[in-house]
Amino acid sequence: MRRCSFIYRLDHKSVKHMKIFLFSKVLFGVVLIGLLVGCSQATSNASSEPIAGCDGQIYIDPAKSPYVLPFPPGETFKTGLTNCSSSYHGAGQPDQYAFDFDMPVGTPFTAVRAGTVYKVVEDQPSNGGGTGAGNYVVIDHGDGTYGLYYHSPKDGIEVEVGDEVEQGDVLGISGRSGLAGYPHLHFIVVQGNPTYPYDGLAISFSNAIPADVVLKGRTEYEAAAP
Ligand SMILES: [Zn+2]
């Protein structure tokens, strides 16, 4: 009887130790999972943090952006100046949130978002010497924002004022009219009156590969299928 109770006490003690051991294991696991979840949330929230180069500007998550790149899926173009870089794209300039895409003269460019054609200018000389924007098209997105596409050749816009366009529709061909030292598409979304000097909007693109929150300068980006 006494022997049995001794054995029982031993077993009871070891079970108790085992319980403490298991509890500490579970606690460690919970803490580890908590840390991992916390880290992944910090990563996915990175896009809402201020971006260096544009003075604390907050950009929307590319996955939630209503804008696609201004060229067809599968195509790749290199950026020139982008947000808060230099020249007309410098911080504080009306075009601080504009993007330049290096495109050979005659490359079709497409609507980043659906809307109505608000303005078309296509009577400027093809190779510079006219107004700053040269030949261009403005799309009214219907929510107080407008997309502006600059530097097409003379007669290089393929839509008319009042036309309804879908996201991805060809709007015209790129060129180097106006203040363009080389052939490229200058693109910006503005809030309110789309007349220079306008208020630019900081945007990201939903289909850029790589999926950078702000497109870097002098970097190749491919347009993924929406
Ligand atoms: Zn530009």
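Phe101 sits in strand S2. The model is predicted. Its protein chain holds one helix and twelve strands. Buried residues account for 35% of the chain's 226 residues.

**Phe101**
- Phe101 counts as buried because 21 C-beta neighbours lie inside 10 Å, and the cut-off for buried is 20 or more.
- Beyond its neighbours within four places in sequence, Phe101 contacts Pro70, Phe77, Thr79, His184, Leu185 and Phe187.
- Phe101 and Ser174 are 73 residues apart in sequence. In space, their C-alpha atoms are 9.5 Å apart.

**The largest nonpolar core**
- The largest nonpolar core has 39 residues. Val137, Leu148, Tyr149 and Phe187 touch the most other members.
- At least two core residues come from each of these strands: S2 (99-102), S5 (135-140), S6 (145-152), S9 (184-191) and S12 (220-223).
- Strand S9 gives the largest share of this core, five residues.

**Tyr149**
- Which residues does Tyr149 touch, not counting those up to four places away in sequence? They are Pro70, Phe109, Tyr136, Val137, Leu171, Gly172, Leu185 and Phe187.

**The whole chain**
- Along the sequence, the pattern is α-β-β-β-β-β-β-β-β-β-β-β-β.
- Take the contacts between residues at least 6 apart in sequence: 67% of them join residues at least 24 apart.

Definitions and conventions
Residues numbered from 1 in each chain as written. Predicted model: local features only at pLDDT ≥ 70, side-chain atom pairs only at ≥ 80, totals over all residues. Core = buried A, V, L, I, M, F, W, Y, C linked by C-beta atoms within 7 Å. Buried ≥ 20, exposed ≤ 12 C-beta atoms within 10 Å, placed from the backbone. Helix = DSSP H or I, 4+ residues; strand = E, 2+ residues; numbered from the N terminus. Contact = placed C-beta atoms within 7 Å.
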